[in-house]
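Visitor: I have just opened this one and would like a slow walk through it. Could you take my questions as they come?

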Amino acid sequence: MDVKRRKFLKIAGISAIAGISAPTAFSSLLKGEAGASSEGGNAKAAEKSAGHGEKKRTGKQLGLVVNTRIFKEVDGLAEKCTKACHTVHNVPDFGNPKDEIKWLWKEPYEHAFPEHSNHMRSEGLNTLPILVLCNHCENPPCVRACPTKATFKNASNGIVMMDYHRCIGCRFCMAACPYGARSFNWRNPRELDANGNYKFFPNGIDAKFPTRTRGVVEKCNFCAKRLKEGKQPACVEASDSIRGRGLIFGNVNDPHSEISRVLSENFTIQRKPSAGTLPSVFYII
Amino acid sequence: MPMYDSGKIITGLVIFVIIITFPIWYNVGGAEHLPNPEKPVGKKQCVRDTQYMRTTHMQLLSEWRDEVVRDGNRQDQIVDGIKYEKSLQNGCMNCHTSKKKFCDECHIYAAVKPYCWDCHVQPKEMN
Amino acid sequence: MLEKALQGKNTYWGWILFLIGVMIIGAICYVRQYIYGLGLTGMSRDVSWGFYIAQFTFFVGVAAGGVMLVLPYYVHDFKAFGKITILGEFMAIAAICMCLMFIIVDLGQPQRALNVLLHPTPHSMLFWDMIVLNVYLLLNIVIGWVVLHSQFKNAPAPKWIKAFIWISIPWAISIHTVTAMLYCGLPGRHFWLTAILAPRFLASAFAAGPALLLIVSLIMKKVANFDAGDKAIQKLTTIIAYAAIFNFFFVGLEFFVAYYSNLPGHMHTLDYLFFGLDGHDNLVSAMRFSTFIGIAATIMFLIPKCKQNTTLLPIMCVMIFVSLLIDKGIGFVLGGFVPSPLDYITEYVPTMNELAIVASIWAAGAFILTILYRIVIAVKNEEA
């Protein structure tokens, strides 16, 4: 080939590649930055304040207060909340801890708060039922880890959401979560037995909500769909007992909300505060 | 001119042709009849018109999916005064209740297998 | 040059057929796993990464180890490496291919793997890992092929290849650094949360990679009349020795930090791996064995009589390779999941199906390596 033609083709090829990819790379880098900050809008404000005193909080951050005293006083209330959540969201029961999927469940104090002192602890504390779930952190490490933004922080309400359509099942988010809040579908939850019934949904499936499929990670989503219908999250509704409501839900950034009042009037603790995640779930012990 | 290694080459070519035409002969006999999706009884219209749906329902569902899940925009769709939930399971299939008689009719004919129902639940059949 | 891989003795073809057999078994096992789900492995809710990711981590290191040949030869003009630099580059290709295969078999929805490209996420370390690994693969393919082809044609390599070679050196460091960053940035896993992780990964990589290369070189000397040269072999042993010393020094530091500070978060995983925790000890024998043979091999690498002994040398290389394979390719990743974030201990035992898939990926790597090295031998020995 003619030397000049060769040179022209080389330059043309390189310019074409550069010309096509540069704006894409540039915009995706920008989007990546913007995406991270808009999806963690509240997180940015909170990030700066973490450890340096609370700054003015903007945006909506939904949160939960778990009043463990009520759960202790009312037998079976914790299980009732778990059942409500798992029924409404078609969470399968595989019957073994290896494949287990759980969104909301009960743990003893030492496992819910492993960084708290075990030393000379009272019997009452050891038997206190603690409901654990995704903390919908303001600074979620799982969102930072996800390579496809399949898990992301919804800027309008602070919920850490899952997009099951995009999840590639790499389970990096499960490694990143400091709270063990996430479950993976190690097998097909909709498997049928010989009679055509669902093996892992003994009470059938709630037809108003999808299931998930094998190969994706799932977790609590603060009942985003029920919220749109004007309802409270399923667990919050189920936690209504004769002793009062075990779970209080609302916008922690709204100083006039019920949850803000509860938080200002009670001493609450959080799981693993040293991780810097700023969880949105608080516990009254 | 003699063809060297003709045995090997012709065998290879035959195998190649068989493999490359796989999509054609594998689906032979699959389309038993032209698609005849059963329209829901008593409903006069849909969230979009028929022609649009025929060409674009996949894009519409994709847009709805991203709007609902990623943007949190679950606003009901109101078309000609009728409210539709922005959902495959609770919106579309509220009227088109039978996957077999509606959705599958065209999908089987076109040999496509959308994976929606791996997760989303069909209203009546539950299978 | 590829056609050179189609010529060989019966032993060569026997080896190739064996590898293909293992790969076919693995492929069948993968189909079973794809249909059932990843539950067919030993992984669980608490131990959500197992052998696949652990082996991936190890083989990224092996791939990075190639730089220990490229650096002396191209940057410091160490002519003795002339014959085997290409071996390092081709080994990197085989290792990276294995890494990519390990990732794909580990994905819950592998058909969505391209989502990582369609939705680029610069704040995710997995995104960058995918980029650096694939670019490194490309670099080694281009460099290796162009340089070898030039030798094949008895012509000097084109000048532009220098740029690729110069880039590949820091790039090799980057692949293992980014892989380390997958782990050392996660706030909930204290065993992984250490700044020395990337240096430790690199040290073990620079020991394991050259060790594997040395073993394969000695094999090729025996079966394929390919002599890397005594000077090159001895220099490799020096590199392995220094890298191994650094690796065990870093491991020692980890032990110090954990046990002297007495912080439970750091200690408990080491307790589980080396001493057993609350009665759970299924990795203890393996980890102790790994440490013992690793340190023993390191000491042997420092003794000239051992290094120069033609019977002992391959044994020492196998010892250090196996030691690091267990340490990084099993203990490190599994340890991060014990205890779980809720302070439970769930042990992990791989299933037969899972092991078959792992074995078949090893076979695939060996297959790629064999084909590429066959071409190298043919070119270097100037076979017709």
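Predicted model: local features only at pLDDT ≥ 70, side-chain atom pairs only at ≥ 80, totals over all residues.

Visitor: Which helix does C:Ile361 lie in?

Guide: C:Ile361 belongs to helix α14 of chain C, which covers residues 352-380.

Visitor: And is C:Ile361 buried or exposed?

Guide: C:Ile361 counts as buried, because it has 26 C-beta neighbours inside 10 Å, and the cut-off for that label is 20 or more. The C-alpha atom of C:Ile361 is also separated by 9.5 Å from that of C:Val105, although the two residues are 256 residues apart along the chain.

Visitor: What pLDDT does chain C average?

Guide: The average for chain C is 94, and 99% of its residues score at least 70. For the complex, the predictor gives an ipTM of 0.93 together with a pTM of 0.90.

Visitor: Switching to how the chains meet, which pair shares the most contacts?

Guide: Chains A and C do, out of the 2 pairs of chains that are in contact. Their contact takes 45 residues from chain A and 32 residues from chain C. On the side of chain A that touches chain C, the elements that give two or more residues are α1 (3-39), α5 (109-112), α7 (141-145), α8 (172-176) and β6 (183-184) of chain A. By class, the residues on that side of chain A are 22 nonpolar, 12 polar and 11 charged.

Visitor: How many residues of chain A are in contact with chain B?

Guide: There, 16 residues of chain A are in contact with 13 residues of chain B, and the side of chain A that touches chain B has 6 nonpolar, 6 polar and 4 charged residues. Chain B and chain C, on the other hand, do not touch, and their nearest C-alpha atoms are 12 Å apart.

Visitor: Staying with chain B, how many helices and strands does it have?

Guide: Chain B has 6 helices and 2 strands, and along the sequence they follow the pattern α-α-α-β-β-α-α-α.

Visitor: What radius of gyration does chain B have, and what would a compact globule have?

Guide: Chain B has 22 Å, whereas a compact globule of 127 residues would have a radius of gyration near 14 Å. The C-alpha trace of chain B spans about 80 × 35 × 30 Å along its principal axes, and buried residues make up 11% of the 127 residues in the chain. Among the contacts in chain B between residues at least 6 apart in sequence, 62% join residues at least 24 apart.

Visitor: Back to chain A, then: in what order do the strands of the open sheet come?

Guide: The 4 strands of that open sheet in chain A are ordered β10-β1-β12-β11, with mixed pairing. The edge strands are β10 (247-251) and β11 (268-269) of chain A, each of which pairs on one side only. Helix α11 (residues 258-265) of chain A packs on the sheet, touching β1, β10, β11 and β12 (281-284) of chain A, and its direction makes about 115° with that of β10(A).

Visitor: How many bridges join β1 to β10(A)?

Guide: Strand β1 (residues 62-67) of chain A is joined to β10(A) by 5 bridges, and the two run antiparallel. Within β10(A), A:Asn251 stands opposite A:Leu62, while A:Ile248 is the bridge partner of A:Val65.

Visitor: Why is β10(A) described as largely enclosed?

Guide: Of the 5 residues of β10(A), 4 are buried, so the strand is largely enclosed by the rest of the structure.

Conventions. Residues numbered from 1 in each chain as written. Chains lettered and ligands numbered in written order. Pairing = 2+ DSSP bridges. Contact = placed C-beta atoms within 7 Å. Axes fitted to C-alpha atoms, helices over the stretch in contact; angles between N-to-C directions. Rg over C-alpha atoms; globule rule 2.2 N^0.38 Å. Buried ≥ 20, exposed ≤ 12 C-beta atoms within 10 Å, placed from the backbone. pLDDT = per-residue confidence, 0-100. Nonpolar A, V, L, I, M, F, W, Y, C, P; charged D, E, K, R; others polar.
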